[in-house]
Amino acid sequence: MERKGLRIVTGERMDIVDQAIAWHVRQGGMSAADWQAFIAWLEADPAHARAFDRIALMDAALAEHPLPEPRPAPVAANDQGESRSTPRRRWLWAIGGTGIAATLAALTIPLATTASADPYVLATKPGERRNVTLADGTSIEVSGGTRIGLDRADPRVATLEAGEATFHVRHDAANPFTLRSGGITVRDLGTVFNVARAGARLDVEVAEGAVMFQPGRESLTLRQGHALSAREDLGKVALSQVDVGAVGGWRTGRLAFSGEPLSRVAASVHRLYGTRIEVSPGLSDRPFTGMVRLSGVAERDVPHLAALVGAECRYDGERWILSPLEPGAR
């Protein structure tokens with residue numbers, strides 16, 4: 001009965017729903033390898049992303065419209081149990097996937113009386129770009145290799161699963177725009193901002209206005225010219241300043257880096273061109289600081305990038321390979 005109720009909400013096969021619940025429960029403490037596995041699972045089947053989006057939406061609804069606490073069964077005086085003061089969300093995770101399925105199934109009626117979610121995924125391939133405008137007037141410029149979960153029933157919520165995008169948000173103080181990515185939430189305060197997700201790392205840069213990072217938790221406000229890099233696997237957040245004109249620079253072929261490993265630089269170029277770039281182990285972790293200006297022609301830009309970092313570049317017909325220069329080479 002519980003599973004039947006959940007099927008009504010999700011519309012997906014129960015084995016996929018169970019997998020989505022398991023991934024959702026793990027979001028708060030996944031390693032870099034776990035994030036890679038999660039992204040691979042999302043990309044393996046469109047049904048995976050649909051199921052995960054619905055679970056996330058229902059969990060958010062549960063937080064906003066909590067169910068009454070169950071009455072505890074009588075226990076002997078010497079029995080040990082969890083304190084009644086335990087926060088509700090901690091209790092929810094503790095009961096495991098089956099309990100979550102039952103709890104979410106019970107939300108079928110409350111959800112139906114508020115709003116019917118209609119999630120979908122906006123996805124681009126490496127080398128592809130898209131510009132979309134949501135029903136509320138918010139526009140999104142989407143880079144290659146990007147997946148964004150959206151909801152036709154609620155254009156004020158988006159979920160960045162992977163890739164990079166620039167958001168031009170129509171401000172509405174009564175109904176702020178919310179972007180989620182992994183376990184991170186970014187809330188609009190009247191904004192143009194750029195976000196990039198790679199594995200367990202999320203980067204946020206603000207060009208106009210301000211955003212709130214983790215509202216209700218760390219509650220950190222980023223204003224124009226501020227940037228943030230969050231590592232969920234390490235639990236670390238780094239703040240910095242950014243040239244406002246460089247925010248979302250991928251849109252105009254300008255990529256700025258400050259001490260980033262060359263592998264990340266290559267990944268950014270791959271996202272824009274769709275061209276495979278392999279960086280040898282001797283170079284992948286080498287830090288790079290500078291501006292890469294792209295012409296729009298990979299055959300010109302990849303060798304130029306190699307020259308900037310002091311690397312050798314060759315094309316084998318399928319991919320570009322960057323490797324350390326041979327001794328004595330110029």
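Reader: Which residues touch the most other members of the largest nonpolar core?
Author: This is a predicted model, in which local features need pLDDT of at least 70, side-chain atom pairs count only at pLDDT 80 or more, and totals for chains, interfaces and linings use all residues. Residues are numbered from 1 along each chain as its sequence is written, and side-chain values use heavy atoms, leaving out hydrogens and water. A nonpolar core is a set of buried Ala, Val, Leu, Ile, Met, Phe, Trp, Tyr and Cys residues joined through side-chain atoms within 4.5 Å; buried means under 20% relative accessible area, exposed over 50%, partly exposed in between (1.4 Å probe, protein chains only). Of the 26 residues in this core, the ones touching the most other members are Ile140, Ile148, Phe167, Leu179, Phe193 and Val204.

Reader: Which element gives the most to this core?
Author: Helices (H or I, at least four residues) and strands (E, at least two) are DSSP runs, numbered from the N terminus. The elements giving two or more residues to the core are β3 (139-142), β4 (147-151), β5 (157-168), β7 (184-198), β8 (201-213) and β10 (226-231). With five residues, the one that gives the most is β8.

Reader: And how many residues are in the other core?
Author: Another core lies apart from that one, with Val292, Val302, Leu305 and Trp320 among its members. Its residue count is 23.

Reader: How many residues of β7 are buried?
Author: β7 is mostly covered. Out of its 15 residues, the buried ones number 11.

Reader: How many bridges join β7 to β8?
Author: Two strands pair if DSSP finds at least two bridges between them. β7 runs antiparallel to β5, with six bridges, and also to β6 (residues 178-181), with four bridges. With β8 the run is antiparallel too, and the bridges number 11.

Reader: Which residue in β8 is the bridge partner of valine 195?
Author: Valine 195 sits in β7, where it stands opposite alanine 165. Towards β8, its bridge partner is valine 204.

Reader: Are helices α8 and α10 roughly parallel or antiparallel?
Author: Angles run from 0 to 180 degrees between N-to-C directions, and axes are lines fitted to C-alpha atoms, for helices over the stretch in contact. α8 (residues 262-273) and α10 (residues 298-309) pack at about 170°, with axes 12 Å apart. Under 35 degrees counts as roughly parallel, over 145 as roughly antiparallel, 65 to 115 as roughly perpendicular and the rest as oblique. The two helices are therefore roughly antiparallel.

Reader: Which residues of α10 make that contact?
Author: Contact means heavy atoms within 4.5 Å. From α8 come Leu262, Val265, Val269 and Tyr273. From α10 come Ala298, Asp301, Leu305 and Val309.
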